[in-house]
Amino acid sequence: MLQHITLTLAREPDFPEGSTECGYDIVAPLDSAGHLDPEAWHKAKAQCRVRRFWVGEDDRSGLLVHQAGGVHGATWKIDYDPKASNEDESGYRLDTHHFVANEYVSIRDADGHPHTFKIKEIHPA
């Protein structure tokens, strides 16, 4: 089942209190344990969308992509432009992460800088 997942920026030097104005809205399939489900993603990949919102910047829209490679044989990334790879953003161990409210996930932006986000909410898409 596709879920709508909202991530907001956790504390970091530029945002010592975190920010609800920086983050991601993600539509992705989660299994019963709250993990990203690659088989369900394959069946609904066109619906697995991401919106990046960041204070002072235009929103960016892309796709959640599951691809070969990575520590466990596959990895997840956000693809904003299928014709260019320099704009992709990758999650840290998203293949093993348990998506539940108030947990944390890390995403490396297109410039290679890691940011930590708090899972604000999850609900059916």
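Analyst: Two strands count as paired if DSSP finds at least two bridges between them. Strands themselves are DSSP runs of E with at least two residues, while helices are runs of H or I with at least four; both are numbered from the N terminus. This is a predicted model, so local features need pLDDT of at least 70 and side-chain atom pairs count only at pLDDT 80 or more, while totals for chains, interfaces and linings use all residues. Residues are numbered from 1 along each chain as its sequence is written, and side-chain values use heavy atoms, leaving out hydrogens and water.

Start with the overall layout. Eight strands form a closed barrel, in the order β1-β2-β3-β4-β5-β6-β7-β8, with antiparallel pairing. On average, neighbouring strands of this sheet are turned by 30° against each other, direction ignored. Such angles lie between axes fitted to C-alpha atoms, on a scale from 0 to 180 degrees between N-to-C directions. Strands of a sheet pair through backbone hydrogen bonds, either parallel or antiparallel.

Strand β1 (residues 2–9) runs antiparallel to strand β8 (residues 114–124), and seven bridges join them. Within β8, I122 stands opposite I5.

On to the partner β7. Strand β7 (residues 104–108) pairs with β8 over five bridges, again in the antiparallel sense. Here F117 of β8 faces V105.

Another pair is β4 and β5. Strand β4 (residues 60–68) meets strand β5 (residues 74–79) through six bridges, antiparallel. The bridge partner of H66 in β5 is W76.

Next, a look at β3. R49 sits in strand β3 (residues 49–54). R49 is partly exposed, because its relative accessible area is 46%; buried means under 20%, exposed over 50%, and partly exposed in between (1.4 Å probe, protein chains only). Contact means heavy atoms within 4.5 Å. Beyond its neighbours within four places in sequence, R49 contacts D25, I26, V27, G62 and L63. V27 is 22 residues away from R49 in sequence, yet their C-alpha atoms are 5.3 Å apart.

Last, the cysteines. C48 is buried, since its relative accessible area is 0%. C22 also counts as buried, at 0% relative accessibility. The structure holds zero disulfides, a disulfide being a pair of cysteine sulfur atoms within 2.5 Å.
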